[in-house]
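Dear colleague,

Please find the structure below, handed over for your use. I would be grateful if you could look through it before reading the notes that accompany it.

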Amino acid sequence: MRVGVAGLNGSGKTEVVSFLESRSFHCASLSDVIRHDLAREGTELTRENMIERGRALRRNFGPSVLAERAVARLPAGHCVLDSIRHPAEVAALRAAGPFTLLWIEAPDRVRYERVRLRGRVGDTHTFEQFLELEQRELASPDTEGQKLLEVRALADEVIGNDVELESLHARLQELVKTLIAVHSRPSWDEYFMSIAKVVATRSNCIKRNVGAVIVSDRRIISTGYNGTPRGLRNCNEGGCPRCASGAVSGTRLDECLCSHAEENAINQAAYHGARVRDATIYTTHSPCLTCTKMILNAGVLEVVYSSPFPHDDIVLGLLGEAKVVARQISG
């Protein structure tokens with residue numbers, strides 16, 4: 001789960017980030033990218049310098065550069081990111097996975113007093129200076145400028161922070177519960193299919209990479225991927241004459257030495273003495289006719305696949321006639 005925190009200066013973003021950090025969220029900031037860039041050349045870390053350097057980075061590397069660099073450094077697990085100031089950054093964060101954007105706001109005078117009391121280096125000294133500098137952040141006409149008003153329009157939740165701290169924390173606690181419910185763990189189908197896709201990466205076939213996982217009672221019995229049989233040269237090393245010759249799809253099948261993923265999964269179970277009767281097979285592609293016959297004879301009761309394979313109608317007809325459930329799932 002990734003949560004973004006945005007808002008105007010002094011709105012209380014740091015408090016929100018601290019709350020989430022105390023709930024096991026890893027904390028990161030898009031501004032850290034700017035700070036690192038300034039520190040590398042010894043430039044003073046004032047608010048004005050931060051704004052100008054952010055503009056320069058967006059101008060030179062694109063408006064989403066800060067988000068892209070920050071995401072590249074994120075660890076696995078729940079993360080909270082702040083200092084989001086451009087709609088392109090929001091788009092980049094959403095493209096990187098499940099993401100919820102919070103906008104924190106408070107009245108101008110309240111925000112100014114908070115900024116004045118914290119006494120951070122580079123903060124403005126008068127209320128007028130405070131508002132004047134802020135105007136540069138709200139809606140810059142330049143692509144590389146900050147566009148906080150557009151960021152606010154993209155927020156999933158707007159949280160007012162002019163109340164007591166206990167009330168803010170209570171609101172955040174309820175929000176965390178909601179986010180956890182929305183960003184739930186994968187279903188069993190998604191879980192096993194994702195494993196089948198990882199299995200497919202071991203395939204040595206140069207034509208197509210397919211993976212299969214046989215599951216019984218939510219326990220993995222066997223896995224298989226397509227490639228040449230045990231003891232032979234791998235397909236990607238020239239072991240299969242058909243694949244090595246670059247044959248047109250559907251031709252010269254009598255020369256193919258590669259075993260299919262479903263076939264290998266069943267064979268691996270037999271090799272190690274594991275029972276597959278009444279099991280479910282997850283495969284990244286629907287099985288071919290030969291593998292379908294093996295699935296039927298092995299007593300597998302369910303076939304779950306992601307992508308269709310040629311002659312899918314024949315295969316599905318046979319599975320249906322034999323009372324074997326066949327389901328296609330997305331992803």
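This is a predicted model: local features need pLDDT of at least 70, side-chain atom pairs count only at pLDDT 80 or more; totals for chains, interfaces and linings use all residues.

Residues are numbered from 1 along each chain as its sequence is written, and side-chain values use heavy atoms, with hydrogens and water left out.

Helices (H or I, at least four residues) and strands (E, at least two) are DSSP runs, numbered from the N terminus. Buried means under 20% relative accessible area, exposed over 50% and partly exposed in between (1.4 Å probe, protein chains only). Contact means heavy atoms within 4.5 Å.

Beyond its neighbours within four places in sequence, Leu30 is in contact with residues including Leu66, Ala67, Ala70 and Leu81.

The helix pair. The axes of H3 and H4 (lines fitted to C-alpha atoms over the stretch in contact, with angles from 0 to 180 degrees between N-to-C directions) come within 9 Å and cross at roughly 90 degrees. H3 and H4 are therefore roughly perpendicular to each other, a term for angles of 65 to 115 degrees. Leu57, Arg58 and Phe61 in H3 meet Val65, Leu66 and Arg69 in H4.

Helix H10. The buried residues of H10 are Asp189, Phe192, Met193, Ala196, Val199 and Ala200. They cover an arc (taken from the directions from the helix axis to the C-beta atoms) of only 105 degrees, which puts them on the same side of H10. These buried residues pack against strands E6 (211-216), E7 (219-225), E8 (280-285), E9 (302-307) and E10 (325-328).

Helix H14. In H14 (residues 312-321), the buried residues are Asp312, Val315 and Leu319. Their arc around the axis is only 65 degrees, which puts them on the same side of H14. On the other side of H14, Asp313 and Glu321 are exposed. What covers the buried residues of H14 includes helix H13 (289-298), E9 and E10. Just after H14, Lys323 takes a positive phi of about 65 degrees.

Note on methods: Angles under 35 degrees count as roughly parallel, over 145 as roughly antiparallel, 65 to 115 as roughly perpendicular and the rest as oblique.
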